[in-house]
Amino acid sequence: MTTPSLEIVSLSVAFGHGRASVQAVDKASFRVARGEAFGIIGESGSGKSTILRAITGLHDGYDGDVLINGNPAPRPRNRDFFKTVQMVFQDPYSSLHPRRMIRATLMEPLEIYRLDRREARIAQVLLDVGLAPEFAYRYPHQLSGGQRQRVAVARALLLEPEILLLDEPTSALDVSVQAGVLNVLNALRRARGLSYVMVSHDLRVVAHMCSRIAVMTQGRIVEELTVEDLRAQRATQPYTRTLIAASRAAVTAD
Amino acid sequence: MTDPLLEVRNLRVAYPSAHGYSDALRGISFTLGREKLGIVGESGSGKSTAGRAIMRLLPPKARVTADALRLSGFDLLGASERQMRDIRGGRIAMILQDPRYALNPLKTVGAQIMESYRIHIKGSRAEARDRMLAMLEDVRIRDPQRVTGLYPHELSGGMGQRVMIAMMLIPSPKLVIADEPTSALDVTVRGQILDVLNERVEAQGAGLILISHDLPLVSDFCDRVLVMYGGQIMEELAAHDLSQASHPYTIALNASLPPLDHAVDELIVPEYDPTWLTEATE
């Protein structure tokens, strides 16, 4: 079998000490092949975002292994790691610097990594996410939510990563705007062979984007199923059934 | 015919901008009886502005005009600020999106609900306390005695929203405006909250306006739906007909939602036709 692009093995994250300690993630394991989109769903507090934060190194105190192309990720994370793995955060209203022009925000990774052809790269990446090059000269408050999230995706793409971690990338957006952002993400994954790990509590979004889906509750992955099984409601765990039922309630009411 | 619960005719809201006034609402009209009315549309379509205009909660610089804005025949636009204070919370209640921001962080749950009761229905402390505990039970909070002493930060999202419903419905309002009451909550909790809201509103015989961008939710929950875009009502239809809508905007909005039953290659992004807006944008 080929080495997966990303693999986590028995990952555990705990917050607090002693009796106040909370096991946020409890021995989670999954693998994501190259070019695959892997989804994690669960309610708030189930630990799904914590997994992504542990992978990027925002929570460094984890147990277990994070393997990138078969090699353990360095602790603390170094530059090479971020050239491979990038993350897009949930809220585009707080993830962009409010007093920096989009151009300055996008320039930063290029300067840190001493890349050439900076202007050309910025223009290209904006085009890739469906924004006109003029957007480089705007401030975040001059953009709509969907445009901001596109900028956040553009920033993650600048270093040409192989793996994109998406933490509820559209939950702060309207359905009509969400459709546009999801289309961009899908097109990029196909064109560049990116691997996605996408966290969401919206079953519809995950089903649309991902081919395999892990269901989390209380820090544990209770079930991993394919999107076909999800659509056909072939879930074995009671929690997954509840989740599917809650999301389908409105559909079946028609 | 008796007066409808709420009558809105040609309601307009405009904000001052660099070039005169710019319209947020361009003349919307509807009436509401004891029913559940949904207002859907994307951000900026004016759906929340409509709710706030009915409550007269818009900032003073907003210019609000209407041919009629009446609650059971009472003119809301002409009411004084003093009269509005009795109406807000008393006869019209508003449930907001996120209980974490809408509740007072420095007061216990019990104190907030009792305050709401004692302002609008003059009663003793003991009476208010009894009503408050009964109300918490009505919104299906399992252990009301314990929850009364909690502060908002100690509540989960679903519990906070129940508390807000209890607080808003305790003075028995005639009209409840719920502005995205479940969009800050998990899917698994959403259904329960809507059940509670539905049960309470029906028990009290109030009218409900549910403002949301979630089409399936609205079509499931409401009797009638107004679809808004650009400050105008695009289409009004019975909720169960939402999937057979005729207006291109409603159809596009429906199609932009990723389907759960089958795979689609690309989602449809709604495109806008300026001719939908019947009056020229200034």
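Modeller: Start with Gln233(A), in the loop between helix H8 (227-231) and helix H9 (238-252) of chain A; helices are DSSP runs (H or I, at least four residues) and strands are too (E, at least two), numbered from the N terminus. This is a predicted model, where local features need pLDDT of at least 70, side-chain atom pairs count only at pLDDT 80 or more, and totals for chains, interfaces and linings use all residues. Residues are numbered from 1 along each chain as its sequence is written, chains are lettered from A and ligands numbered from 1 in the order in which they are written, and side-chain values use heavy atoms, leaving out hydrogens and water.

Colleague: Why is Gln233(A) called partly exposed?

Modeller: Buried means under 20% relative accessible area, exposed over 50%, and partly exposed in between (1.4 Å probe, protein chains only). Gln233(A) has 43% relative accessibility, so partly exposed it is.

Colleague: And what makes Glu160(A) exposed?

Modeller: Its relative accessible area is 53%, so Glu160(A) counts as exposed. Glu160(A) sits in the loop between helix H5 (145-157) and strand E7 (163-167) of chain A.

Colleague: What is phi like at Glu160(A)?

Modeller: Positive, about 50°, although Glu160(A) is not a glycine. Most residues other than glycine have a negative phi.

Colleague: How do you know that E7(A) and strand E8 (residues 195-200) of chain A pair?

Modeller: Two strands pair if DSSP finds at least two bridges between them. E7(A) and E8(A) have five bridges, in the parallel sense, so they pass.
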